Amino acid sequence: MIYIGLPQWSHPKWVRLGITSLEEYARHFNCVEGNTTLYALPRAEIVQRWREQTTDAFRFCFKFPSTISHQAALQHCDDLTTEFFDRMEPLANRIGQYWLQLPATFSPADLPALWHFLDGLPKEFTYGVEVRHPRFFAKGAEEQLLNRGLHERGVNRVILDSRPVHSAIAHSEAIIDAQRKKPKVPVHAVVTAQNPMVRFIGSDNMLQNRELFAVWLKALPTWAQSTTPYLFLHTPDIAQAPELVDALWHDLRQALPEIGPAPSIPQQTSLF
């Protein structure tokens with residue numbers, strides 16, 4: 001089993017492809033990254049609507065709000081955390097994992113705050129953590145401490161693969177903006193729990209994307225033998241995300257036949 005999705009479920013240009021709502025998106029993909037909660041909590045009625053537009057087979061992987069991960073730096077945020085879980089409660093049985101996207105300022109010295117925060121979370125959910133501080137990628141004692149602590153708690157280390165976008169020629173505003181915003185960190189394909197998450201940040205060069213995705217065609221089938229991975233496919237201009245799906249799906253299905261045919265989205269060649 002593997003879950004594959006995009007970082008969001010709607011975009012104005014996807015309307016021309018027949019994706020007009022979360023309900024329609026969920027006919028093509030079995031999960032979504034759920035970036036929206038990083039910036040603000042959705043209203044209760046919107047969360048209920050998301051439940052009505054999906055089935056129990058669908059999985060949401062929402063980020064913890066930035067008020068918790070960035071502004072509070074995981075400290076003294078019990079009320080914020082409780083509010084978050086209470087708001088998302090209607091989707092409880094459709095949560096793939098809740099995950100923390102920590103800023104680059106969150107260093108190994110802050111690990112005690114991470115452990116305290118994770119240890120206080122509800123046990124019925126799966127969690128992930130994405131780190132960005134350079135010392136967490138140095139293959140030294142501090143990275144080992146991070147990996148060991150996550151493993152002991154059954155928490156996934158979220159893997160960011162930004163090689164494609166940083167390898168791209170900066171010929172458009174979308175590429176330039178993505179290269180400025182997306183961290184340029186080494187790819188450490190470490191599995192610390194049962195739901196490894198890979199965030200593949202593609203470029204607008206689909207041939208290059210296929211070449212750089214090859215490493216995941218080896219890792220994901222191996223992981224799928226003993227875990228349930230999540231794969232999220234990004235593009236600098238998110239309007240092109242369906243095109244990235246088209247570019248990678250044949251190779252993915254060769255490596256993972258169980259994922260079935262490609263999502264039945266019309267070809268995008270003339271649409272973007």
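These legends describe close-up views of a predicted model.

**View 1**
E130 pairs with R132 in a salt bridge, with N and O 2.8 Å apart. E130 also forms a salt bridge with R199, and here the closest N and O atoms are 2.8 Å apart. This second pair links distant parts of the chain. E130 sits in strand β5 (residues 127-130), while R199 sits in strand β8 (residues 197-201). The two residues are 69 residues apart. Side chains of opposite charge can pair when their charged atoms come close.

**View 1. The salt bridges around E130 form a network.**
Which residues belong to the network? E33, E130, R132 and R199 are linked in it by salt bridges. How buried are its members? E130 has a relative accessibility of 1%. Buried means under 20%, so E130 counts as buried. R132 has 19%, so R132 counts as buried too. R199 is buried as well.

**View 2. R135 and E142 form a salt bridge between partly exposed residues.**
The closest N and O atoms of R135 and E142 are 2.9 Å apart. R135 has a relative accessibility of 37% and counts as partly exposed. E142 has 29% and is also partly exposed. Compare E130, which is buried at 1%.

**View 3. Helix α6 has buried residues covered by other elements.**
Helix α6 spans residues 111-119. Which of its residues are buried? They are L111, A113, L114, W115, F117 and L118. What covers these buried residues? The cover includes the helices α4 (66-71), α5 and α7 (141-153). It also includes the strands β4 (98-101) and β5.

**View 4. Negative residues form a surface patch.**
The patch consists of D78, D79, E83, D86 and E89. It is a negative surface patch. One of its members, D79, lies in helix α5 (residues 78-88). Is D79 buried or exposed? D79 has a relative accessible area of 68%. Exposed means over 50%, so D79 is exposed. Helix α5 is also part of the cover over the buried residues of α6.

Most residues other than glycine have a negative phi. A73 has a positive phi, near 50°, and is not a glycine. A73 lies in the loop between α4 and α5. H76 is found in the loop between α4 and α5 as well. H76 has a positive phi of about 55°, although it is not a glycine. How open is each residue? A73 is partly exposed, with a relative accessible area of 27%. H76 is exposed, at 83% relative accessibility.

**View 5. A92 and R51 are separated in sequence.**
Where is A92? A92 lies in the loop between α5 and β4. How many residues separate A92 from R51 in sequence? They are 41 residues apart. In space, the C-alpha atoms of A92 and R51 are 9.7 Å apart. A92 has a relative accessible area of 29% and is partly exposed.

How values were computed: Residues are numbered from 1 along each chain as its sequence is written. This is a predicted model: local features need pLDDT of at least 70, side-chain atom pairs count only at pLDDT 80 or more; totals for chains, interfaces and linings use all residues. Side-chain values use heavy atoms; hydrogens and water are left out. Patches are made of residues with over 30% relative accessible area and no salt bridge: like charges are joined within 9 Å, nonpolar side chains (Val, Leu, Ile, Met, Phe, Trp, Tyr) within 5 Å. Accessible areas come from the Shrake-Rupley method with a 1.4 Å probe; for residues, only the protein chains shown count as cover. A salt bridge is a side-chain nitrogen of Lys or Arg within 4 Å of a carboxyl oxygen of Asp or Glu. Lys and Arg count as positive and Asp and Glu as negative; His and the chain ends are not counted. The place of a charge is taken as NZ of Lys, CZ of Arg, CG of Asp or CD of Glu. Helices (H or I, at least four residues) and strands (E, at least two) are DSSP runs, numbered from the N terminus. Buried means under 20% relative accessible area, exposed over 50%, partly exposed in between (1.4 Å probe, protein chains only). Contact means heavy atoms within 4.5 Å.
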